[in-house]
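Keep the coordinates open while reading this report.

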Amino acid sequence: MPKINREENAKRLLFHDQSFFTPGAVIAGMDEAGRGPLVGNVVTACVVMPLDADPIPWVDDSKKLSESRREKVFDEIMKNALYIGIGQATPEEIDAVNILQATMNAMRRAAANVPANIFLIDAVKNLGLNGKEISIIHGDALSYNIAAASIIAKVTRDRQLKELDTLYPMYGFIRNKGYGTREHIEALKAYGPCPEHRKTFIGHFWPTDQVTC
């Protein structure tokens, strides 16, 4: 596989977002982390990066970066972004309204204090935001702002899972990030769920009528 030129790739993502610019436009990118795992919050981010400056070379879909690289780029985004909003939905909310609705609620929270009027959103539609919404499939691999949001959301959630790992080390959260790996499922069967497990996600592994947390 050919080595990615990170500077050229970041310029490509930046150019994508510049194509949406009109006078007075404030363009934000939105993405989430944690829709699939069995445990923890779903975390969303709404990020406005400057479109008239050189891009941060390693800004890309968070899944394409190593954990150590994501942490470094996270810090660069935090220093350079014009606006950053983070929204979350708890396991209780996810169980109450389903993961899609909880993700949409978290996205609305992330956007609430970001004064954008154009929102580039990874896949999700119809949030009812105060501005134009543009849903982009695989947006984290196409849009500079969405890619930045994907990194903010991913690192924020991963840090939460590290904290959960110190409280509940038997599940291996620091390794599986809450996903339903064999290690995680075997621990769930052996120890039952912790308070941060999503009841509606673990019915195949633990009887929901026995979930009391």
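Helix 2 and helix 5 cross in the left-handed sense. The model is predicted. Helix 2 covers residues 67-80 and helix 5 covers residues 144-167. Their axes lie 9 Å apart, at an angle of about 120 degrees.

On the helix 2 side, the contact is made by Glu67, Arg70, Glu71, Val73, Phe74, Asp75, Ile77 and Met78. Helix 5 answers with Ala148, Ile151, Ile152, Lys154, Val155, Thr156, Asp158, Arg159 and Lys162. By class, the residues of this contact are eight nonpolar, one polar and eight charged.

Helix 5 has another partner. Helix 1, residues 6-18, packs on helix 5 with the axes 7 Å apart. The angle there is about 115 degrees. Ala10, Leu13, Leu14 and Asp17 of helix 1 touch Tyr144, Asn145 and Ala147 of helix 5. This contact of helix 1 with helix 5 holds five nonpolar residues, one polar and one charged.

| Helix pair | Angle | Axis distance |
|---|---|---|
| Helix 2 and helix 5 | about 120 degrees | 9 Å |
| Helix 1 and helix 5 | about 115 degrees | 7 Å |

Five strands form an open sheet in the order 3-2-1-4-5. The pairing is mixed. Strand 3 (83-89) and strand 5 (132-136) are the edge strands, and each pairs on one side only. From one strand to the next, the twist averages 20 degrees.

Where does cysteine 46 find its bridge partner in strand 3? The partner is glycine 85.

Now the chain as a whole. Its secondary structure comprises seven helices and five strands. Read from the N terminus, the elements follow the pattern α-β-β-α-β-α-α-β-β-α-α-α. The radius of gyration is 18 Å, close to the 17 Å that the globule rule gives for 213 residues, so the chain is as compact as a globular protein of that length. Along the principal axes, the C-alpha trace spans about 55 × 40 × 30 Å.

Notes:
Residues are numbered from 1 along each chain as its sequence is written. This is a predicted model: local features need pLDDT of at least 70, side-chain atom pairs count only at pLDDT 80 or more; totals for chains, interfaces and linings use all residues. Side-chain values use heavy atoms; hydrogens and water are left out. Two strands pair if DSSP finds at least two bridges between them. Helices (H or I, at least four residues) and strands (E, at least two) are DSSP runs, numbered from the N terminus. Axes are lines fitted to C-alpha atoms, for helices over the stretch in contact, and angles run from 0 to 180 degrees between N-to-C directions. A crossing is left-handed if the near helix is turned anticlockwise from the far one by less than a right angle, and right-handed if clockwise. Contact means heavy atoms within 4.5 Å. Ala, Val, Leu, Ile, Met, Phe, Trp, Tyr, Cys and Pro count as nonpolar, Asp, Glu, Lys and Arg as charged, and the others, Gly among them, as polar. The radius of gyration is taken over C-alpha atoms; the globule rule is 2.2 Å times the number of residues to the power 0.38.
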